[in-house]
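Q: I have a model open and want to go through its packing. Can we take it piece by piece?

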Amino acid sequence: MQNQLWFHATLVAIFIGLYGWYHSITDHALQPDFVARTTANLKLPYMEFSGKLEQSPGDLREHKLIKLPNNLVVMCAKDVDATQAAASLSINIGSLDDPSELNGLAHFLEHMLFMAKKYPDESEYIAFIKKNAGEYNAFTSLHSTTYFFEITNQVLEETLDRFSRFFIDPLFAPSSVTRELHAVDSEHKGNLQSDRRRAFQLNRALSNSSHPYSYFGTGNLETLRDSPQQRGLDIRNEMIRFYETYYSADIMKLAVVGNHSIEQLVEWSVAKFSDIKSKGNTKPQVIGQPLTSDVMGKVVHYQTLSNIYLLSLEFGLPEFKAQYKTRPDLYLELLFKRQTPGSLFHYLKQNGWATDISTGTLSQDMDGFNTFEIEINMTPDGLKHYNDIIHAVFEYLRVLVAYGPQKLLYDEISAVKELNFRFYETPGVVNWVLNRSQRCHNQHIVPGHYLTAGNGVLDFNYKDVASFMAYLHPQNYRVFLGAQNHSDVEFTTTEKYFGTPYRVDSLPLNLTDETMMDWTEQYRFHLPTPNSFIPKSAKVVGKVVPPTEVALAPSLLYHTDAYELWFKQDDQFARPHGYIRVEIAYAQTTPLSFDRAAAQLLDKYVAIILDGELYNAKVAGMDYSVSFLTTKIDIEVSGFSAKLPKLVDAILHRLKTLNIEDHIFQDSLTQMRQNYQNKRNMQPFQQLQRTEHPHFNLAYVWSFETLEQQLANITIDSLQRLATSAFEHTYVKIIVSGNYYESDAMDTARNVQQILDSQPLSADKQVHGRVVAIEPGHYIHRTQMSDASSLNGASLVTIYCGSQLSAKDRVITELLAHINGSPFFNMLRTKEQLG
């Protein structure tokens with residue numbers, strides 16, 4: 001039976017490969033070719049895509065897809081409303097392409113590429129960007145390295161000239177090598193306290209050692225300085241060799257957006273980037289699967305720094321880039337995250353074993369292989385029952401396979417994506433250039449889909465989904481179990497780069513045998529019922545008015561001793577979106593630390609309840625937040641306007657009828673204790689910003705240690721009293737904005753009043769936030785990191801500029817901060833190498 005399953009998986013892999021190959025070559029064959037053109041002014045040659053670019057009717061930008069003589073593909077976009085311009089160049093070379101003996105080389109090259117022979121001054125590019133209200137950055141992923149900037153439109157040409165030279169005549173100054181090696185090492189040290197990073201590196205290290213996925217992608221001084229020196233290698237020469245070998249225009253994608261004419265953007269792109277060398281397709285072919293048979297069927301216990309309990313099931317997949325229009329992974333994500341009765345998540349929460357589930361692949365654009373991960377955030381009791389959780393996962397998969405891929409569920413995803421596509425919201429310039437430059441590396445995406453790949457409407461394909469699910473079987477996975485403390489587990493090894501203690505054992509037979517998926521149905525799993533939150537229509541009620549007539553603020557529809565209703569109809573965007581906020585102030589004396597801890601505990605309790613009951617709303621393109629604060633309750637909903645009032649009603653009904661149950665109360669307590677304890681493992685600068693700074697500047701703020709101590713004093717009865725009394729006397733502010741009429745806002749307010757049915761809260765009972773009065777002088781506060789093993793520290797300097805600043809004064813202080821930002825960064829990071 002086991003051999004039959006593996007044979008089936010092999011056939012599926014062959015099918016997906018042939019299917020993607022066939023559709024790739026046939027789709028490309030059907031597309032019109034690029035046609036020869038010359039630029040308007042300099043008469044420079046380039047090729048322009050003459051076919052139809054798939055584009056949302058709501059996308060008002062003008063686009064051109066071109067190919068330079070060196071085969072670099074460029075997407076240009078004119079946006080008349082853009083206040084800033086941006087560009088991103090992504091090359092299809094990442095950390096998977098590092099030499100085996102020089103881990104982190106691609107990342108180091110990324111750090112070294114911000115100087116060119118034409119502009120040899122070390123800080124010239126940074127200074128130019130900052131001088132012109134810009135930002136820049138770069139990052140290295142597994143399969144690509146991406147460089148980008150944002151700048152004022154007026155200096156886009158000058159910035160493109162500087163930017164392009166990095167890829168034409170990079171300087172690679174010897175004087176920068178030591179500094180950037182330390183910068184890479186500092187980046188790695190900054191990640192040492194991250195459990196997410198530690199788990200990812202452990203995952204890679206325990207993969208097939210001959211596969212590049214097992215490498216250490218970030219790099220540090222050991223891999224990039226010490227080890228090369230011991231072998232007689234000059235790291236600068238190796239980096240230049242890497243650049244000369246792989247940095248080819250043929251595997252680069254550029255995206256540029258600005259408010260200039262499309263012809264001008266094309267002219268600049270051709271003029272500035274055509275001199276990048278074409279070396280052919282230099283992308284190394286990734287061969288084989290990192291999750292080979294010798295690393296599968298294992299359970300890895302590892303120690304976390306934070307007080308968390310993580311269970312991860314990882315399955316090996318082939319490359320599935322060709323399925324960019326069907327995305328079978330999204331179908332599985334929808335079913336695993338669903339919390340309605342009959343779902344896996346509902347079952348695990350009912351047993352008190354899990355608090356969250358997430359699924360995903362490494363990246364939809366991985367070359368040669370992929371993985372699918374089911375990650376479950378467990379409770380302490382869940383860790384004790386991880387075997388039972390794994391059994392439940394495979395029983396759920398068995399049920400999904402038995403039902404087969406359901407077009408109805410795909411239609412739910414597609415309905416929301418279709419509305420998002422139809423009523424396209426123009427992304428910020430940086431997000432747009434990053435998305436377009438990276439996604440277009442996928443060779444299966446036809447040029448006509450370059451604008452919409454990843455954003456367009458999905459196609460249902462039964463075979464794609466069935467083939468994907470065929471890999472999720474007990475002979476094709478491994479397990480990672482992360483916790484601070486594992487009972488009866490003795491760690492035997494330490495991961496090299498993060499120092500994570502771990503132990504590897506073979507999974508017991510009852511967790512790898514094919515009979516796991518042949519059990520009788522003891523969990524009563526079933527597919528979800530239709531989602532009632534999916535919008536049935538998308539009628540737009542408002543009209544776009546000239547900019548001079550746009551209402552700049554909401555209007556007050558009515559004001560009583562208990563309610564305020566504010567309203568603002570969309571008169572700018574003509575989209576079926578809305579936003580509703582209900583702020584409920586409730587009676588409270590001067591808050592104590594107990595009140596704050598109780599409010600946060602109730603906030604967690606409510607989140608657990610609503611996340612399960614209202615998950616369908618999020619699937620349907622809506623979002624919500626409910627915040628139980630010390631003196632008020634904030635409810636915010638946004639998304640497609642048609643069903644937002646229904647969502648508000650559902651939230652308020654649930655809050656008004658809240659009955660504190662013991663098992664959810666205990667889960668909430670456990671999660672809050674974990675949250676408070678895990679604050680100690682935040683990065684030092686985060687601890688200063690989120691804990692120390694508010695504590696010294698705001699009233700009614702307490703340390704996490706104090707709040708954690710107060711949890712012991714909270715009972716079910718005291719939490720029930722808070723949940724009930726919060727609605728006895730209230731003062732409610734409501735704002736309705738977006739795709740609504742005034743009558744819709746009035747209806748929403750009436751529903752809120754009927755549901756709350758509370759007495760007015762007098763003004764003298766309302767508690768407002770207060771700030772601490774800081775007297776003139778110099779104050780220094782020192783605090784010790786909770787984790788003594790942390791290699792990093794931080795300092796936060798606050799300069800108080802007075803309590804009565806005018807609008808002009810505020811603008812001046814922001815301008816001063818911006819002006820000082822670049823030299824401050826240059827001094828601390830570049831010259832003194834402090835972080």
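Q: How are helix 17 and helix 23 oriented to each other?
A: This is a predicted model. In it, the axes of helix 17 and helix 23 (residues 716-725) cross at roughly 80°, so the two helices are roughly perpendicular to each other. Their axes come within 10 Å.

Q: Which residues meet there?
A: From helix 17, Phe594, Ala598, Ala599, Leu601 and Leu602. Helix 23 brings Ser718, Leu719, Leu722 and Ala723.

Q: And how do the residues of that contact divide into nonpolar, polar and charged?
A: Eight are nonpolar, one is polar and none is charged.

Q: What about helix 2 and helix 8, at what angle do they pack?
A: About 90°, with the axes of helix 2 (residues 105-112) and helix 8 (residues 235-246) 10 Å apart. That angle makes helix 2 roughly perpendicular to helix 8. Helix 2 makes the contact through Leu105, Ala106, Phe108, Leu109 and Met112, and helix 8 through Ile235, Glu238, Met239, Phe242 and Tyr243. Nine of these residues are nonpolar, none is polar and one is charged.

Q: On to the cores. How many residues has the largest nonpolar core?
A: It has 65 residues, and Ile633, Leu647 and Ile651 have the most contacts inside it. Helix 17 (residues 593-613) gives the largest share, nine residues.

Q: Which residues is isoleucine 633 in contact with, leaving aside neighbours within four places in sequence?
A: Val582, Glu583, Ile584, Tyr586, Val626, Ser627, Phe628, Leu655, Ala726 and Phe727.

Q: Changing topic: where is serine 88 found, and is it buried or exposed?
A: Serine 88 is in strand 5 (residues 84-91). Its relative accessibility is 0%, so serine 88 counts as buried.

Q: Which side chain does serine 88 join in a polar contact?
A: That of serine 437, at 2.8 Å. Beyond its neighbours within four places in sequence, serine 88 is also in contact with other residues, including Thr146, Tyr147, Phe148, Lys253 and Val433.

Q: Last one, helix 3. Why is it described as largely enclosed by the rest of the structure?
A: Because six of the eight residues of helix 3 (residues 124-131) are buried. These are Glu124, Tyr125, Ile126, Phe128, Ile129 and Lys130.

Technical notes
Residues are numbered from 1 along each chain as its sequence is written. This is a predicted model: local features need pLDDT of at least 70, side-chain atom pairs count only at pLDDT 80 or more; totals for chains, interfaces and linings use all residues. Side-chain values use heavy atoms; hydrogens and water are left out. Buried means under 20% relative accessible area, exposed over 50%, partly exposed in between (1.4 Å probe, protein chains only). Helices (H or I, at least four residues) and strands (E, at least two) are DSSP runs, numbered from the N terminus. A polar contact is a pair of N or O atoms within 3.5 Å; within protein, one must be able to donate a hydrogen and the other to accept it, and residues adjacent in sequence count only if both atoms are side-chain atoms. Contact means heavy atoms within 4.5 Å. Axes are lines fitted to C-alpha atoms, for helices over the stretch in contact, and angles run from 0 to 180 degrees between N-to-C directions. Angles under 35 degrees count as roughly parallel, over 145 as roughly antiparallel, 65 to 115 as roughly perpendicular and the rest as oblique. Ala, Val, Leu, Ile, Met, Phe, Trp, Tyr, Cys and Pro count as nonpolar, Asp, Glu, Lys and Arg as charged, and the others, Gly among them, as polar. A nonpolar core is a set of buried Ala, Val, Leu, Ile, Met, Phe, Trp, Tyr and Cys residues joined through side-chain atoms within 4.5 Å.
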